[in-house]
Amino acid sequence: MADVIPPRTEGIGPFQRVVLRNVTMIDGTGAPAQGPVDIVLSGDRIAEIRTIGAPGKIDESARAAKGDYELDLTGYYVLPGFVDAHVHLHNLNDAQHVPSDYILKLWMANGVTSVREVGSDRPIEWLADIKARSARNEIVAPHIDIYPFFHKIRTTPVNDPVQARLAVQEAKKRGADGIKFIGGPEDVLFAAIEEAHKLGLHTTMHHAQPSVAYANVLTTSEHGLESMEHWYGLPEAMFTDRKLQRWPNDFVNNDEQERFGESGRLWAQTAAPGSAKWEEVMQTLLDRKFTLDPTFTAYLASRDLMRMSRATWHSDYTLPALWDYYRPNRSHHGSYWFDWTTEDEVAWKENYRLWMQFVNEYKNRGGRVTVGSDSGYIYNLYGFGYVQELELLREAGFSPLEVIHSATQEGARLLGHEDQVGTIRVGRKADLVVVKGNPLANLKLLFGTGTLHLDDKTGKVERIGGIAWTIKDGILYDARQLRAEIRKMVLDAKTARGLPAGAMAIETAESEQ
């Protein structure tokens with residue numbers, strides 16, 4: 001099935017001199033907000049940052065000189081472009097049946113200007129071509145780093161250490177920036193991680209249940225793994241009274257409701273917070289400068305299915321084909337709501353409590369935590385799920401400034417691009433997020449659907465917020481326009497199916513029976 005990403009028609013610039021006037025700046029380093037400032041962009045770079053006084057007291061003589069293009073951003077905050085450290089660029093050939101252009105625009109409309117793509121069913125060259133088109137700004141898309149699934153590098157299984165090393169070498173030659181591992185035989189896995197480290201390729205891993213008995217975060221990081229996705233492999237490293245997770249005797253890993261249901265009962269089996277084993281594992285990972293990319297949002301439906309399945313944005317931004325994928329289905333990954341119970345949700349809430357405590361303490365002790373969304377599964381929508389992840393880090397105990405730091409500079413450091421993106425600094429890429437209002441006071445302002453506000457003067461309830469501009473390589477994208485395009489895509493798809501605008505049903509309709 002064809003899936004053409006159309007040439008870019010959106011965005012203006014880059015210009016020789018753009019001036020963003022009278023903004024408040026959050027620079028991504030963890031520093032408090034600063035302003036008012038005038039930020040000058042030249043081509044694809046930040047050329048100048050000028051402090052122009054104090055709030056309520058602008059010094060007109062300090063302003064930046066006139067630009068070729070200017071925006072008066074009084075009342076707006078400017079942040080570095082967001083880094084999503086865990087994405088999958090699906091296309092029409094995937095079970096989600098959504099066009100890649102839809103996903104790319106959802107990311108950009110929600111301020112994501114850099115992504116780490118961690119595996120697909122397509123060859124590396126497919127994504128390398130999209131990465132190159134994005135770098136040339138021929139399409140609306142963030143910067144892309146390519147981390148293919150290790151087990152998908154070759155079309156035939158890799159089953160010995162020699163071939164594992166050759167496969168990693170091949171991936172680098174074909175354009176990979178890193179490797180994403182899920183599991184595999186012990187000797188093959190460790191040889192591949194070591195080879196990637198030797199070649200300077202970045203590495204990350206989803207420590208899947210079939211291999212976690214011998215490949216938890218301590219063993220993989222010992223062999224050079226740089227980061228982990230989700231949380232599998234971390235609690236298993238902290239067992240004190242068992243070696244393996246407690247599964248029911250009739251457990252079958254391929255039954256996703258069983259698998260995710262039991263996963264929600266895993267953290268309760270580990271060492272208690274603050275115990276010797278908890279401290280040992282944490283300190284070892286800190287010493288190895290290991291990165292946690294928790295993707296809290298990927299499992300959020302597990303603790304509150306109704307909230308996630310009825311999130312505000314689904315009505316206007318979720319394509320019907322993707323909604324079909326989300327609905328309970330024994331074949332679709334992450335569509336495991338065959339008979340989800342209150343007991344499952346309560347277990348997952350406790351899972352989150354312990355998981356979040358570890359992640360927050362890790363950050364407090366100097367460990368790197370990044371922001372990844374893993375959208376396209378489990379009622380988790382591209383772009384919107386990223387902003388949800390910011391809120392979940394806040395829930396875990398991160399301050400708002402720490403949340404933004406993880407989303408920007410820490411993400412850039414993980415990718416090895418901290419000299420280009422992740423902070424607002426002269427000489428860095430002109431990759432920025434512009435939002436009206438203060439996102440530190442309310443992260444909900446970053447959602448494409450904004451947040452509710454009662455205007456006391458009129459008595460009317462209104463929606464405020466939503467990213468106003470996403471700037472990538474000095475090109476200014478009206479994020480409101482991008483969201484309007486996506487809403488039209490969704491409405492057109494519903495019309496083609498004879499569906500009304502608005503929320504879609506989860507239950508099977510009579511016409512489908």
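I began at Pro 36, which is found in strand β2, residues 34-42. The model is predicted, and I kept that in mind throughout.

**Cis peptides**

I looked up the bond leading into this proline. Gly 35 and Pro 36 are joined by a cis peptide bond, with omega at about 5°. I then turned to Pro 14. A cis peptide bond also joins Gly 13 and Pro 14, and its omega is about 5°. Pro 14 sits in the segment before β1 (18-25). I noted the background: most peptide bonds are trans.

**Positive phi**

Next I checked backbone angles. Most residues other than glycine have a negative phi. His 97 has a phi near 55°, a positive value in a residue other than glycine. I placed His 97 in the loop between β8 and α1.

Asn 137 was my next stop. Its phi is near 55°, again positive and again not in a glycine. Asn 137 belongs to the loop between α2 and β10. Why does Asn 137 count as buried? Its relative accessibility is 12%, and buried means under 20%.

**Sheet β8-β9-β10**

I traced an open sheet of three strands, ordered β8-β9-β10, with parallel pairing. At its edges I marked β8 (82-87) and β10 (143-146), each pairing on one side only. From one strand to the next, the twist averages 20°.

Which helices pack on this sheet? Helix α2, residues 124-135, touches β9 and β10, and its direction makes about 155° with that of β10. Helix α14, residues 400-415, touches β8, β9 and β10. The direction of α14 makes about 55° with that of β8.

Four bridges join β8 to strand β9 (residues 112-117), and the two run parallel. Val 83 stands opposite Ser 114 in β9.

**Sheet β11 to β15**

I moved to an open sheet of five strands. Its order is β11-β12-β13-β14-β15, and the pairing is parallel. Why is one side of β11 and of β15 left without a neighbour in the sheet? β11 (178-181) and β15 (368-369) stand at the edges, and each has a single partner strand, so one side of each lacks a neighbour there.

Strand β13 (residues 227-229) pairs with strand β14 (residues 291-293) in the parallel sense, over three bridges. Ser 227 stands opposite Thr 291 in β14.

The side chains of Thr 204 and Ser 227 make a polar contact at 2.9 Å. How far is Thr 204 buried, in relative accessible area? The value is 0%. I then listed contacts of Thr 204, leaving out residues up to four places away in sequence. Among them are Arg 116, Tyr 147, Ile 179, Phe 181, Leu 225 and Glu 229.

**Strand β16**

I turned to strand β16, residues 432-436. Strand β7 (residues 76-80) pairs with β16 in the antiparallel sense over five bridges. Pro 80 has Leu 432 in β16 as its bridge partner. β16 is also joined to strand β19 (residues 467-472) by four bridges, and these two run antiparallel. There, Val 434 has Trp 469 in β19 as its bridge partner.

**Helices α1 and α15**

My last entry is a helix pair. Helix α1 (residues 100-109) packs with helix α15 (residues 479-497) at an angle of about 145°. Their axes lie 9 Å apart. The crossing is left-handed.

Which residues of α1 meet α15? They are Asp 101, Tyr 102, Lys 105, Leu 106, Met 108 and Ala 109. On the α15 side I found Ala 479, Leu 482, Arg 483, Glu 485, Ile 486, Met 489 and Val 490. The residues of this contact divide into nine nonpolar, four charged and no polar.

Notes: Residues numbered from 1 in each chain as written. Predicted model: local features only at pLDDT ≥ 70, side-chain atom pairs only at ≥ 80, totals over all residues. Heavy atoms only, no water. Axes fitted to C-alpha atoms, helices over the stretch in contact; angles between N-to-C directions. Left-handed = near helix turned anticlockwise from the far one by under 90°. Contact = heavy atoms within 4.5 Å. Nonpolar A, V, L, I, M, F, W, Y, C, P; charged D, E, K, R; others polar. Pairing = 2+ DSSP bridges. Buried < 20%, exposed > 50% of the residue type's maximum accessible area, 1.4 Å probe, protein only. Polar contact = N/O pair within 3.5 Å; in protein donor to acceptor, adjacent residues only side chain to side chain.
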